[in-house]
Amino acid sequence: MAGAALTRFLEAVKGFEGRGRNDLREFLEFTGEEGKDAWTIDVPETIDAVKVMTIHKAKGLGFPVVILLLYGQQWQAPDFYLDAGEGSEGGVDGEEPSGVQVLKINKGLAEADENLKRVYDEARRRDQVNNLNTLYVALTRAESELYIVGVKGPRGKFPFDLLGGEYRSSPNLPPIRRPDREAAGERAPLRRLAGFFDAAADPRQSLNEESRRRGEFAHRILAEIEYVAAGWPAEAAAAASRIDPRFRAGASPEADEDSAGLVDAISAFFGQAPAAGFFEPRPGRRVLRETTFCDAAGRSVRMDRVVVDPDAVHVIDFKTGREPGLGDREQVLGYIGIVKDVFPGRPVYGILAYIDRAVWEPVE
């Protein structure tokens, strides 16, 4: 991993210098803000490796073992505050609010004026809510084991003031658990074949690496497409080219035949009714692509495509391969329940889109 990290660092430097910039301060700003993905090292799932990431980067993901590093924080008051006068009868100094006001407030001024105190306290509460949400994400990424390393400074209070007390490492080692969710007792018993072999509950679990890559490529193509204007063949080919610039459907004998076939399958399937209608722009329509939702228990799921219309919401789940999965319908039914809570008052419908089978299956 050290070699991979060095290579990634050199790539970040090369990309920065390719912009004609060579200032160290600008490089730090580029990698810290504009280029947050510059330090990301993508490792295949089949390789055992430690992934280092921020809490925000880990949102929606889960890991068998998580080591969480927490530093004590204290509230950093912003230089300026924005106030639209919401929640108050008047603006600052009793005037009627007009638009958004930019205020410069310190603690002393906030204590001396009721309206300034309201703006000051609201900003502080928003910061506390953001910190609590971030802490919740951090504490819910572990599937089996969670280790917390706390670095508490003399002034950093959060989250240690919330946890309270003195916490020391347990002298007892946690039980050894399998990193996957197929450990005994964690899911329904597997089907028995011939008395010697266990078959996976979902046939797609046994897909080879090539099939898995093909499915991921299909999802990435469809995630690129919000609405289709130039026709499906052109839109799908353009999306594939944006994902992998080496791909040009039919451009050369070196073009990936499997990728070209996938683009053709996507174009043929989604280019006809009823699938085509969910890629057309309509008044009041909003499309969410590869969007993460949370259920009532705080578990996060990523949905392929959610089409939000004024009168209904449709959850579309894309599938590749020739065999349907045993849990496909249950998965979409779970999505429907989550989306109903997000868009109350609207009917929610689920759809399984089997690309290779050319099957458009509503889920009731």
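Trainee: Which residues make the nonpolar surface patch of about 660 Å²?

Mentor: Val65, Ile67, Leu69, Tyr71, Tyr147, Val149 and Val151 make the patch. This is a predicted model: local features need pLDDT of at least 70, side-chain atom pairs count only at pLDDT 80 or more, and totals for chains, interfaces and linings use all residues. Residues are numbered from 1 along each chain as its sequence is written, and side-chain values use heavy atoms, with hydrogens and water left out.

Trainee: What counts as a patch?

Mentor: Residues with over 30% relative accessible area and no salt bridge. Nonpolar side chains (Val, Leu, Ile, Met, Phe, Trp, Tyr) are joined within 5 Å, like charges within 9 Å. Areas come from the Shrake-Rupley method with a 1.4 Å probe, and for residues only the protein chains shown count as cover.

Trainee: Which strands each supply at least two residues of it?

Mentor: β1 (63-71) and β4 (142-151). The largest share, 4 residues, comes from β1. Strands are DSSP E runs of at least two residues, helices are H or I runs of at least four, and both are numbered from the N terminus.

Trainee: And Val151, where is it found?

Mentor: In strand β4. Val151 counts as partly exposed because its relative accessibility is 35%. Buried means under 20% relative accessible area, exposed over 50%, partly exposed in between (1.4 Å probe, protein chains only).

Trainee: Zooming out, how many helices and strands does the protein have?

Mentor: 9 helices and 11 strands. Of its 364 residues, 31% count as buried.

Trainee: OK, β7 and β8. Parallel or antiparallel?

Mentor: Antiparallel. Strand β7 (residues 286-294) pairs with strand β8 (residues 300-308) over 8 bridges. Pairing takes at least two DSSP bridges. Phe293 has Val301 in β8 as its bridge partner. The two strands form a hairpin with 5 residues between them, and Gly298 in the turn has a positive phi of about 90°.

Trainee: What joins β8 to β9?

Mentor: A hairpin, through 4 residues. β9 covers residues 313-319 and runs antiparallel to β8, with 4 bridges. Val308 has Val313 in β9 as its bridge partner.

Trainee: What covers the buried residues of α9?

Mentor: The cover includes β7, β8, β9, β10 (348-354) and β11 (359-363). The buried residues are Asp328, Val332, Tyr335, Ile336, Ile338 and Val339. An α-helix has 3.6 residues a turn, so residues three or four places apart point the same way.

Trainee: Switching to charges. How many salt bridges does the structure hold?

Mentor: 9. The criterion is a side-chain nitrogen of Lys or Arg within 4 Å of a carboxyl oxygen of Asp or Glu. Arg285 and Asp309 form one, with the closest N and O atoms 2.8 Å apart. That pair links distant parts of the chain: Arg285 lies in the loop between α8 (257-270) and β7, Asp309 in the loop between β8 and β9, 24 residues apart.

Trainee: Are those two buried or exposed?

Mentor: Arg285 and Asp309 are both buried.

Trainee: Which residue meets Arg242 in a salt bridge?

Mentor: Glu224, at 2.9 Å, N to O. Arg242 is in helix α7 and Glu224 in helix α6 (residues 209-224), 18 residues apart. Arg242 is partly exposed, with a relative accessible area of 48%. Glu224 is partly exposed too, at 36%.

Trainee: Which residues are linked in a network of salt bridges?

Mentor: Asp317, Lys319 and Asp328. Asp328 is also one of the buried residues of α9.

Technical notes
Contact = heavy atoms within 4.5 Å.
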